[in-house]
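Here is a briefing on one protein chain. Please look at the model first, then read the points below.

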Amino acid sequence: MRALLFVKWELSVNSTNNFFEEAQIFLNNYKFFIKLADLQTSGRGRENRSWISPKGGLWFTIYTESSSPKENLKLHFASSIAVHTSLNKLFGINTILKWPNDIYFKDKKLCGILTEAKNQIAAIGIGLNLNNSSSLTKSMIIKTPSDTKFQPISCKDILSRAVTNEEKISLLLEIVKNMNNLKSLSLEEIVKIWKSNPNILGKSIYLKTNGKIIHTKAVDLTPEGALICESDKGKNIIYTGDILGF
Ligand code: BTN
């Protein structure tokens, strides 16, 4: 039987999502391998955006075995549930899940998740603004048609105090504990749990999909996690896209 977790905490890396080879070795003996870094010099976001990662943020990647694209998607949704649940339990912070990969506090971005996969390993990269000044992450913001509010926020801003190193470690472990519990469930079960938590369903959204920005309403997720939108022209199922505003 494999042990649960091996964590490697570095001072600086290019991106914690770049360690598949190291992960492959650790995953022979551990169910999860985590690469955690105080700062990243080339942090990445979705759609080739850069993710500015100064000291003070919680920048880490959970590596675990994954046998298919469906399982990668499941782990992706599971990770946002894990972060949401952990922030609520440890700090009483109530976040909103934004399809497909963000965690918001009110109308501000607190956390982004980038899931990548290689050779039957999923890398779930989690970027959580913890103590970093939110102004430093502004360059990742996309201007939206209606947008003056879509700014980043950090736990420090929400709590009006810095998060301690002990709390940072507890948060990391709580997230992995939740991931471990969720990993045995199916994608359909995970999507149901995602929908039962506060999320963007029911809201009017600006959605960027296939290079176009449309104004529509997010109404539901399919059992496999695609977004169902509704406008005057009827319902649409969106498999990949970015919600720019809600
Ligand atoms: C997004 O919102 O576009 C996803 C951002 C993901 C950032 C995290 S930080 C840890 C991991 N390493 C990276 O380079 N990216 C992810």
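At what angle do the axes of helix α2 (residues 69-91) and helix α5 (residues 187-196) cross? They cross at roughly 25 degrees, and the axes come within 9 Å. This is a predicted model.

**Overall chain**

- The protein chain contains five helices and twelve strands.
- For 246 residues, a compact globule would have a radius of gyration near 18 Å; the protein chain has 17 Å, which agrees.
- The C-alpha trace spans about 55 × 40 × 30 Å along its principal axes.

**Confidence**

- Mean pLDDT for the protein chain is 92. Of its residues, 93% reach 70 or more.
- Residues 138-148 have pLDDT under 50 throughout. For this stretch the model has 20 contacts beyond four places in sequence.
- Where pLDDT is low, predicted coordinates should not be read in detail.

**Helix α2 against helix α5**

- Two packed helices are described by the angle between their axes and by the distance between the axes.
- Angles under 35 degrees count as roughly parallel; α2 and α5 are therefore roughly parallel to each other.
- Their crossing is left-handed.
- On the α2 side, the contact is made by K70, L73, K74, F77, A78 and I81. On the α5 side, L187, I190, V191, I193 and W194 take part.
- By class, this contact of α2 with α5 has nine nonpolar residues, two charged residues and no polar ones.

**Helix α2 against helix α4**

- Helix α4 covers residues 165-183 and also packs with α2. The angle is about 135 degrees, with the axes 8 Å apart.
- That angle makes α2 oblique to α4.
- The crossing of α2 and α4 is right-handed.
- From α2, the residues in contact are A78, S79, I81, A82, V83, T85, S86, K89 and L90. They meet E167, S170, L171, E174, I175, N178, M179, L182 and K183 of α4.
- By class, the contact of α2 with α4 has nine nonpolar, five polar and four charged residues.

**Backbone details**

- Most peptide bonds are trans, and most residues other than glycine have a negative phi.
- Which form does the peptide bond from W99 to P100 take, cis or trans? The bond is cis, with omega near -5 degrees.
- P100 lies in the loop between β4 (96-98) and β5 (102-105).
- N119 is a residue other than glycine with a positive phi, near 45 degrees.
- N119 is located in the loop between β6 (108-118) and β7 (121-128).

Definitions and conventions:
Residues numbered from 1 in each chain as written. Predicted model: local features only at pLDDT ≥ 70, side-chain atom pairs only at ≥ 80, totals over all residues. Axes fitted to C-alpha atoms, helices over the stretch in contact; angles between N-to-C directions. Helix = DSSP H or I, 4+ residues; strand = E, 2+ residues; numbered from the N terminus. Parallel < 35°, antiparallel > 145°, perpendicular 65-115°, else oblique. Left-handed = near helix turned anticlockwise from the far one by under 90°. Contact = placed C-beta atoms within 7 Å. Nonpolar A, V, L, I, M, F, W, Y, C, P; charged D, E, K, R; others polar. pLDDT = per-residue confidence, 0-100. Rg over C-alpha atoms; globule rule 2.2 N^0.38 Å.
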